[in-house]
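Please find below my notes on the model you sent. They cover surface patches, a few individual residues and the domain layout.

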Amino acid sequence: MKKITISSLLLLLLISTNLNLAYDSQESGIKNIIILIGDGMGMSHVQITKLVYGHLNMEEFPIIGFELTESLSGEVTDSAAAGTAIATGVKTYNRMISVTNITGKVTNLTTLLEIAQVLGKSTGLVTTTRITHATPAVFASHVPDRDMEEEIARQLIAHRVNVLLGGGRKKFDENTLKMAKEQGYNIVFTKEELEKAEGEFILGLFADSHIPYVLDRKPEDVGLLEMTKKAISILEKNPNGFFLMIEGGRIDHAAHENDIASVVAETKEFDDVVGYVLEYAKKRGDTLVIVLADHETGGLGLGLTYGDAINEDVIRNINASVSKIASEIRATNDIKRVIKKYTGFELTEDEINYIEEAINLADEYALQNAIADIINKRVGVGFVSHKHTGAPVSLLAYGPGAENFAGFLHHVDTAKLIAKLMLFGKKDIPVTILGISGVKGDITGDFKVDEQDAYVTLMMLLGERVDTELERKVDMNNNGIIELGDVLLILQES
Ligand SMILES: [Zn+2]
């Protein structure tokens with residue numbers, strides 16, 4: 001049963017009445033917005049990939065920024081809170097998917113994708129993880145815990161996101177698939193079906209869970225680049241433009257496993273997609289491209305001591321993930337042959353002993369961790385943990401409005417700037433605060449509800465819990481927090 005909350009009703013209302021904004025995207029030059037997120041991709045993940053491949057498309061961006069990533073839970077965020085910050089401009093607690101509870105109850109936060117829908121744009125989410133995983137989920141669903149993936153699946157469909165491509169087939173139950181069909185989705189499960197897929201709505205689920213690691217893929221598996229190409233070809237048909245989020249979702253998983261060869265292979269696939277999108281944007285001139293990471297994973301350090309060279313050749317010769325190597329060792333008990341087959345190197349006696357000890361430990365990850373340790377020592381890199389860290393990540397921007405993103409930002413600032421460009425174009429809105437009037441929606445005190453009020457609300461108050469009389473003026477949906485939904489409602493009244 002679908003539970004309709006007040007805020008989702010408001011949102012439906014917003015979506016069904018397209019905003020007629022004063023600016024038009026032709027004039028501002030920003031028609032399409034493409035956000036690329038390398039999940040867990042710290043600066044060292046990028047640098048080791050550059051060492052292996054020589055040059056990355058990520059080096060071609062003219063505008064570079066630093067992103068702080070902390071959530072309300074503390075310095076170390078998860079993908080749910082980091083994604084919520086990127087998608088809504090509001091900090092929340094770990095595990096939450098575009099909701100907050102700082103108002104005392106669970107409250108939905110309006111997302112950039114939802115704004116795009118109000119503006120009449122087509123929308124898409126593409127990832128190598130389950131499409132119901134935290135990073136895609138935050139753009140088009142609202143739940144208090146990221147593990148509610150069946151509910152997230154249902155909401156992604158109910159939101160009518162035009163293109164949904166990734167893994168996660170087992171999270172879509174019969175009812176959700178039926179609802180997708182009724183809503184006009186073309187549902188595809190294989191590479192061939194993806195190639196042929198047409199229409200305004202496509203749901204592509206290419207694995208029960210995540211799409212396999214690049215190093216473990218078979219020819220029939222779908223990759224991030226082909227999903228991206230299909231998504232853009234469908235979305236670009238909309239004359240109002242599109243909003244697309246593309247996630248290299250398994251850089252994070254590889255880093256959690258301290259699997260350096262998979263970190264590099266996943267980051268390289270992400271960079272290939274970045275290159276494709278950058279070329280697309282360069283040809284058009286009306287597409288804003290933002291490349292960032294939600295957080296760093298693993299605390300990856302390059303080099304173990306002064307003067308050490310990194311032996312990136314070790315990485316070039318590895319052709320399987322450590323988890324695949326570990327399961328084959330368990331199945332065959334042939335440590336030397338399996339390691340040689342997938343890494344090209346001969347184990348030393350010490351290394352064989354280290355692996356044999358790990359096999360006998362109760363910890364199910366001990367064996368793959370031992371293999372990762374051996375590879376990392378040979379490469380000359382180290383991870384501080386199997387978890388996320390609070391390190392800042394990089395942000396790259398290209399296209400109309402890109403210059404706004406240089407500098408030291410937090411995810412919530414980046415979201416605000418993207419929302420500003422989507423709603424107001426590149427123009428600067430002069431603001432004079434005169435005082436407080438009695439008019440709901442009027443924060444500038446000129447007794448009118450206009451663009452200025454929306455602008456002040458977005459740039460100065462977004463994410464604030466409603467406290468003062470002034471803040472109550474612009475809490476249009478009366479949900480106790482100032483969020484993008486309020487900005488939209490002010491614009492609709494102006
Ligand atoms: Zn992670």
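**Notes on the model**

1. Phe 66 has a relative accessible area of 40% and is therefore partly exposed, since that class lies between the 20% and 50% cut-offs. This is a value from a predicted model. Phe 66 sits in strand 2, which covers residues 63–68.

2. Phe 66 also contributes to a nonpolar surface patch, together with Met 43, Leu 68 and Phe 408. The area of this patch is about 390 Å².

3. Of its members, Glu 195 belongs to helix 9, residues 191–196. Is Glu 195 buried or exposed? With a relative accessibility of 57%, Glu 195 counts as exposed, because the cut-off for that class is over 50%.

4. Ser 233 lies in helix 10, which runs over residues 224–235. Its relative accessibility is 31%, so Ser 233 is classed as partly exposed.

5. On the domain layout, the assignment gives domain 1 as 7–300 + 387–424, domain 2 as 311–379 and domain 3 as 428–494. What distance separates the centres of domain 2 and domain 3? Taken over C-alpha atoms, the centres of these two domains are 58 Å apart.

Key
Residues numbered from 1 in each chain as written. Predicted model: local features only at pLDDT ≥ 70, side-chain atom pairs only at ≥ 80, totals over all residues. Heavy atoms only, no water. Helix = DSSP H or I, 4+ residues; strand = E, 2+ residues; numbered from the N terminus. Buried < 20%, exposed > 50% of the residue type's maximum accessible area, 1.4 Å probe, protein only. Domains from an automatic or database assignment. Patch = residues over 30% accessible without salt bridge, like charges linked within 9 Å, V, L, I, M, F, W, Y side chains within 5 Å. Areas by Shrake-Rupley, 256 points an atom, 1.4 Å probe, with all protein chains shown as cover. Salt bridge = Lys/Arg side-chain N within 4 Å of Asp/Glu carboxyl O.
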